[in-house]
Amino acid sequence: MHHALLIPDVRAYIFAFIKEDKQMGRCTFAVLARTCSALSEASLDVLWSELDSLRPLASCIYAENTVPLSDEFTIETNNDTRPNFSVFNRYAHRVRKLDLSGQQRFLRRNGGYPSLTEDLGALLYYPLNSPLLPNLRHLAWAPGMGLNLLRHLLGPHLLSLKIPSHRWSSASTLFALTKIPGLCPKIKSLTLQVHSWDGHIDSELTQSTYCISRVIGSWAKLEELDCNPMTFEALQRLSGMEYLKILRLQVNTASVIDLPPDSLSFPSLHTFQFQTDTLDTAITLMKAMKRFPKSLKIDVFAGRSRRGTCSPEIVGVLLGLISRDALHREQLRHFSLNLPFLLGDNPDNVSEILRPLFVCRELRTLSIRMSSPFTLGDDDLETMAETWPMLEELELIDLRPRVAAHTPPPPQPPLPHNLPLPPITPTGVGQPNQAPQPPVLTFAAQHPVPMPLPLANAGQANQFPYLPVFTIPPPVFPTFPPPDLFFPIRSRTAEITFRGLISLLRICPNLYYFDLALDATKLDDLQGDKPGGGVCNRLVKYARLIDSPIGDPEVVARILFDILPELDPLAGPNALLPAPPQNMPPHNMAPQRWNIVRQKMMAFRHATTSQI
């Protein structure tokens, strides 16, 4: 082994490179742990640092303390044997992060269901040291599991605790919650979501929210909090947390119905995210905030929203409250709004809806997700860019249902008049070029034959009813759409052209991601050597363009390569375009041609690199 591998910085760089390989990274560390003595301990630390199940730890107990039935020792002898914890102790102290919130991921990957209670029971079968994982820093508990089992994993070094979904139990929940702060006093990040069993909030649960808020307030240096206060008293008790920087809430009308204005203050808060049931609830919560942080995200549930209470005017009131402090206090920099319901029957101009935010000149991130149809032209986009010249991310997303509309095939040319008529066959007009069809099968159903009926005239021959005859037509197999159509395509109205996009890149030089509906069919006067007019942005490496209609892929590829030479892929971050299958029928869905655009851009990039 080279001595350079003993240098901590070199080893850290190599390990970071291995971690990026999501498929073979863990296998590589396992090989290093078995074959390289110098890197064995460091590789084991990485392998055991993050777990998503207790099964690996429980296996250490199973393997060393299970006597097979064929063994000559009896069960009584096995009970008297001292348990072996050597393997467990070798790995338990290496665990830094334990995520039990996604047991289904473990199920899909390993093909078996790991029982959390069984594995945790195996660890508690013998008198092990408490806590079981002494160096655990981050813990995410399994949804629906009791909190009394949680105490065996809590330790003095724990910094992050997530209880994403807990069903309220009047006795055990209060008992366990009051014990948690004493077991892990250094918690800085807490997620505590408590729900009722039937989905309805009863009076006992409402009264106990005071206890939950008191437990949350016991961590004086809490920096990140995610909870669902059920009354405005519980929400007010969270106010004044001095070190809180990130706050995520789930509120409804009952949570803020009596919340006074300017009653919530968080001195160190820089990120505020909340989910609510109506816009009116969001407005009440915004009125209660004395000041707004730099980052704000609002997500409105669609289930309880009534269309009559949702309109562009109400959205304007909400945005006006958000921008009220922009002139004399620290301005908003990151804003996200999700409105999954209709604002009206007619399309609304996004620029007009967002006009109250025009006073927030330092905006860096803007994400608007709407289910209502909206419009946005080149001039509107340029106005927004001039208003927010420091934009880094821009998303204007239409959440309407996705559609897949096929492009009708071109009409067939008219037949010449001198062609002979097709021959007449027993089955109809002949089609010489048609592929042979399977024959029609006819058979008599095997049903019991009824008895002959008596005849009115005895001189006539006996008349028996005919057997029912069924005709089976040729089998008709369903016609599946091309695989391209299964790609997630949004239904968006595209009015922005490349001219608007070029203006956005020119005015906002720090932009590195955008998701816009672009009309890539209007390519007039953009087919020269420099279609971007000298505008070139190398920061944009990911963008979503596949929802947009497209014209000539060759021209579009040259335009994008000129203004966005580093762009790849075209479906947004962490998304790959499917390869176009052979014999693709004509349709207007974007990925088919956008995949061609991507291939041509890669060819242009390769040619440019070869020339250099």
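Student: How many bridges join strand β12 to β14, and in which sense do the two strands run?

Tutor: In general, two strands are said to pair if DSSP finds at least two bridges between them. Here, in a predicted model, β12 (residues 365-370) and β14 run parallel and are joined by six bridges. Helices (H or I, at least four residues) and strands (E, at least two) are DSSP runs, numbered from the N terminus. As to conventions, residues are numbered from 1 along each chain as its sequence is written, and side-chain values use heavy atoms, with hydrogens and water left out. Local features need pLDDT of at least 70 and side-chain atom pairs count only at pLDDT 80 or more, while totals for chains, interfaces and linings use all residues.

Student: Which residue of β14 is the bridge partner of Thr365?

Tutor: Thr365 has Glu393 as its bridge partner in β14. On β19 (residues 513-515), β14 has a further parallel partner, paired over three bridges. There, Asp515 of β19 stands opposite Glu395.

Student: How many residues of β14 are buried?

Tutor: A residue is buried under 20% relative accessible area, exposed over 50% and partly exposed in between (1.4 Å probe, protein chains only). By that rule five of the six residues of β14 (residues 393-398) are buried, and the strand is mostly covered. In a regular strand the side chains alternate between the two faces of the sheet.

Student: Why does Met370 count as buried?

Tutor: Met370 counts as buried because its relative accessibility is 3%. This residue is found in strand β12.

Student: What does Ser295 contact beyond its neighbours within four places in sequence?

Tutor: Contact means heavy atoms within 4.5 Å. With those neighbours left aside, Ser295 is in contact with His270, Thr271, Phe272, Leu332 and His334. Ser295 is found in strand β9, and its 17% relative accessibility means that Ser295 counts as buried.

Student: Turning to the helices, at what angle do the axes of α13 and α14 cross?

Tutor: Axes are lines fitted to C-alpha atoms, for helices over the stretch in contact, and angles run from 0 to 180 degrees between N-to-C directions. The axes of α13 (residues 279-288) and α14 (residues 312-322) cross at roughly 20 degrees and come within 10 Å. The two helices are therefore roughly parallel. Angles under 35 degrees count as roughly parallel, over 145 as roughly antiparallel, 65 to 115 as roughly perpendicular and the rest as oblique.

Student: Which residues form this contact?

Tutor: From α13, Leu279, Asp280, Ala282, Ile283, Met286 and Lys287 meet Ile314, Val315, Val317, Leu318, Leu321 and Ile322 of α14. Ten of the residues in this contact are nonpolar, none is polar and two are charged. In this classification Ala, Val, Leu, Ile, Met, Phe, Trp, Tyr, Cys and Pro are nonpolar, Asp, Glu, Lys and Arg are charged, and the others, Gly among them, are polar.

Student: Why is α13 described as largely enclosed by the rest of the structure?

Tutor: The description applies because seven of the ten residues of α13 are buried. These are Leu279, Thr281, Ala282, Ile283, Leu285, Met286 and Ala288. They pack against α11 (232-238), α12 (253-256), β8 (271-276), β9 (295-300), α14 and β10 (334-339).
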